[in-house]
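Q: I am new to this structure and would like to learn how to read its features step by step. Could we look at it together?

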Amino acid sequence: MHRYGRRELFRELGLIVAALIFCLPFYVLVAVSLKTDVQTYTEPLSLPRPPHWSNYSEAWNTGGDRGLVHSFQSSLIITLTSVVVLLVLGSLGAYTIARHSGAFSNTVYVLFVVGIILPFHLALIPLFVAMRHLGLVGNYAGMIVLNVGLMMPLTVFLYTGFIRALPRDYEEAARVDGAGILRTYARVVIPLLWPITATVGLLAGIVVWNEFFPALVFLSGSRYQTLPVAIYSFWSGVGERWNLIMAGIAIAVAPVLVFYVFAQRHLIRGFSAGVKG
Amino acid sequence: MTAAVTLTGVGKIYPDGTRAVTGLDLRIEPGELMVVVGPSGCGKTTVLRMTAGLEAITDGEIRIGDRVVNALDPRARDVAMVFQNYALYPHMSVFENLAFPLRAHGVAKPEMRERVERTARLLELDGLLKRKPRALSGGQRQRVAMGRAIVREPQVFLMDEPLSNLDARLRADMRMEITALQRELGVTTMYVTHDQLEAMTMGTRIAVLKDGVLQQCGPPQVLYQQPENVFVASFIGSPMMNLVDGRVDGAEVVVAEQRLPLPANGSAAALAAYSGRQVVVGLRPEHLTEATGSQERLHGLARSAELLGAEQLVRIELGDDTVVTARLDGQTRVAAGDRVELAVDTARVRFFDVATGRAIA
């Protein structure tokens, strides 16, 4: 055991300072979101006294094209559906890759890994044209297909790493016990994948929820604006009312923060498993 | 219904070219407990997994009862397996773990409950049915793994080093429990281990494997007393048999310049052909005792002595760098440097061909 010495003291102080720096934008966000129009400009960094809660209801009801409430709904539908489809398809794909060693599955795996590295923007125009032909622009289905596709490489990568580290004994025991492939997958494998499922679900959820550019391009002109796009148009709509913009951002960020606080442990555990792979 | 397991000419070559098992012929009689034993990498687990259907066989035929099962899926073979690390489903309670194989076979709920409870009573797991595997001790997990195999009432049990994760004391208890349980249930069992003590104490018969080839198969006593080759002689028994160089000279064998008469049993005739040639002489430590009368003798200097309580294991240098271990009585302490006279039970000495390693008999 190390003694708590000067070295540790400096290290902790450094970490505390770093944490404060990270917290600063959040403070500004919350402080400004609770100020009146005048206070926003006269004293932007002070504590809001008294807090002006009505900014939140105003942003909720009037922000974006049709109020943030509709965008919130769109974001929720797109995020939840994308994540569920991603988890089902990604885990099945990774399970097959991880459990069938061979040139074909290795190649498929490498292709998925390459998919993590390649920026999606490279394929933006052909993708847009193709999706428009398929009727997948300006609706939920298109956005969900797009998100699932964008997140699939990382999902397969993380799942594959986790499954490769998982002993085969459980599945073999289930086979000898008389279970078929489907029962083995549903009753034995899926529960064992819970830590990585939580990680991937949260990670993908956060990414999809925050996504701006794909939503801007593929949902432009539709009724299904997501939150980040709504907040952007909010800015152009309300001019320089930073207090309302900040309230909108706070509304958008809140679900992610709450999730993160509850799921930190899972995120870290799943990530380290994926990297070890 | 328990059934015989018959392996005929079974071989296994892995895709990378590794030859794990070669031409294995083995028959496990109905109700028998066959221990397959050998050092790590000898192919014993592969044999078990091929019988379970978890590994495809390259050559030969495996029968369970009258059925050839070569191409059958594990679940169609009616076998149950106990894994080395138990492979208890961590997210299920003990009850659910025990019920899993029954559910998979579509057993109706009331019957399932009844069979799980009966198995739990048999293994003294009644109070633990609601617990998850992580809340159990090593011994309890072991029992659950056994229970999951028993509850199905399969034709064959396959056990892959099921005691290797337990501490020494628990292992000794479980050895007896598993043996008793197997006798009670009368289910044909293939038990794989690297521990010759488990093999000796548990097996109705023992099959010794080395490099994927069967070396000898027989009851423990036969393997111990009449090993067919040097490998079996050295693998079975602890401390291992002393294997020293010797030369046959007429009716005697010369070991480290000391002479012993050849035994007056069946091997004498075979040994006659070896006159003037080198052989490997196998002496069990307990067949070397402290000389008191006019027995056949070897003598040497004690190098070290380990007192085990009732007995002591003494390493004795006979000369020419020939060292043997003798299991002597613990009463008279021997110290390093002492001269020791050893009486040799010549009737029990085994001789092996230097080139082939096979027993001369």
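Q: Which domains does the domain assignment give for chain B?
A: Keeping in mind that this is a predicted model, the assignment for chain B gives domain 1, covering 5-235, and domain 2, covering 242-353. The C-alpha centres of domain 1 and domain 2 of chain B lie 39 Å apart, and their contact takes ten residues from domain 1 and six residues from domain 2.

Q: What area is buried between domain 1 and domain 2 of chain B?
A: The size of an interface is often given as the accessible area lost when the parts come together. Here, about 700 Å² is buried between domain 1 and domain 2 of chain B, with carbon and sulfur atoms giving 54% of that area. On the side of domain 1, B:Y224, B:V230 and B:A233 lose the most area to domain 2, together 62% of what that side buries. The count of salt bridges between these two domains of chain B is zero.

Q: Which residues line the largest cavity?
A: Rolling a probe the size of a water molecule over the atoms shows where empty space is left. The largest cavity, with a volume of about 50 Å³, has a lining that includes A:S75, A:M143, A:W209 and A:E211. Helix 4 of chain A gives the most to this lining, with three residues, and the lining as a whole divides into five nonpolar, four polar and one charged.

Q: How much space lies in the second largest cavity?
A: About 30 Å³ lies there, and among the residues lining this second largest cavity are B:V253, B:P261, B:T346 and B:F351. Its lining has seven nonpolar residues, one polar residue and no charged residues.

Technical notes: Residues numbered from 1 in each chain as written. Chains lettered and ligands numbered in written order. Predicted model: local features only at pLDDT ≥ 70, side-chain atom pairs only at ≥ 80, totals over all residues. Heavy atoms only, no water. 1 Å grid on protein atoms, 1.4 Å probe; cavity = no way out; pocket = protein on both sides within 12 Å on 5 of 7 lines; lining within 4 Å. Points joined across faces, edges and corners; volume = space filled by probe spheres on them. Helix = DSSP H or I, 4+ residues; strand = E, 2+ residues; numbered from the N terminus. Nonpolar A, V, L, I, M, F, W, Y, C, P; charged D, E, K, R; others polar. Domains from an automatic or database assignment. Contact = heavy atoms within 4.5 Å. Buried area = accessible area lost by both parts, 1.4 Å probe. Salt bridge = Lys/Arg side-chain N within 4 Å of Asp/Glu carboxyl O.
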